[in-house]
Amino acid sequence: MKRKIEFITSEKVCSKKIIVEADGDIITKVEIIGGCPGNTKGVSKLCEGRKIDEVIALLKGTPCGNRGTSCPDQLSKALEQLKEKEEALV
């Protein structure tokens with residue numbers, strides 16, 4: 001099942017929005033709007049083709065300075081919402 005989520009990030013991070021597309025439990029596309037271009041493009045490429053749970057486990061809790069979150073941590077939150085959205089449909 002193909003699905004998509006648009007996640008508004010915390011004001012504590014540089015990125016403004018994260019768009020994630022998945023087919024089943026595989027991430028097919030990640031677009032991070034705002035943030036450090038090289039880092040967000042790199043994180044996006046590393047996530048595509050991986051399982052949602054694998055990426056959540058890798059990125060959840062990643063800090064950025066003393067902000068208490070980061071763009072990768074926000075991506076894990078977006079993926080968790082995507083999973084919740086799917087579970088609500090079942």
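In this predicted model, strand 2 and strand 3, the latter spanning residues 26–34, pair in the antiparallel sense over 8 bridges. The two strands form a hairpin with 2 residues between them. Gly24 lies in that turn and has a positive phi of about 65°. Further along the pair, Lys17 stands opposite Ile33 in strand 3.

Strand 2 also has a partner in strand 1. Strand 1 covers residues 2–8 and strand 2 covers residues 15–23; the two run antiparallel and are joined by 7 bridges. They too form a hairpin, here with 6 residues between the strands. Several facing positions show how strand 1 and strand 2 are set against each other. Lys2 stands opposite Asp23 in strand 2, Arg3 stands opposite Ala22, and Glu6 stands opposite Ile19.

Taken together, the strands make an open sheet of 3 strands in the order 1-2-3, with antiparallel pairing. Strand 1 and strand 3 are the edge strands, since each pairs on one side only. From one strand to the next, the twist averages 10°.

The next point concerns the two faces of the sheet. In a regular strand, side chains alternate between the two faces of the sheet. Strand 1 has a covered face made up of Arg3, Ile5 and Phe7. Its uncovered face holds Lys2, Lys4, Glu6 and Ile8. Arg3, which stands opposite Ala22, belongs to the covered face of strand 1. Glu6, which stands opposite Ile19, belongs to the uncovered face.

Is Gly35 buried, exposed or partly exposed? Buried means under 20% relative accessible area and exposed means over 50%. Gly35 has a relative accessible area of 25%, so this residue is partly exposed. Gly35 also lies 7.6 Å from Val13, C-alpha to C-alpha, although 22 residues separate the two in sequence.

Helix 2 comprises residues 52–59, and its buried residues are Ile52, Val55, Ile56 and Leu59. Why do these residues line one face of the helix? Seen down the axis of helix 2, the buried residues fall within an arc of 105°, so they line one face. On the other side of helix 2, Ala57 and Leu58 are exposed. Gly61 follows helix 2 and has a positive phi, near 85°.

Which helices each supply at least two residues of the lining? They are helix 1, residues 37–47, and helix 3, residues 71–89. Helix 1 gives the largest share of the lining, with 3 residues. By class, the lining of the largest pocket consists of 9 nonpolar, 5 polar and 2 charged residues.

Terms used: Residues numbered from 1 in each chain as written. Predicted model: local features only at pLDDT ≥ 70, side-chain atom pairs only at ≥ 80, totals over all residues. Heavy atoms only, no water. Pairing = 2+ DSSP bridges. Helix = DSSP H or I, 4+ residues; strand = E, 2+ residues; numbered from the N terminus. Nonpolar A, V, L, I, M, F, W, Y, C, P; charged D, E, K, R; others polar. Axes fitted to C-alpha atoms, helices over the stretch in contact; angles between N-to-C directions. Buried < 20%, exposed > 50% of the residue type's maximum accessible area, 1.4 Å probe, protein only. Arc of directions from axis to C-beta.
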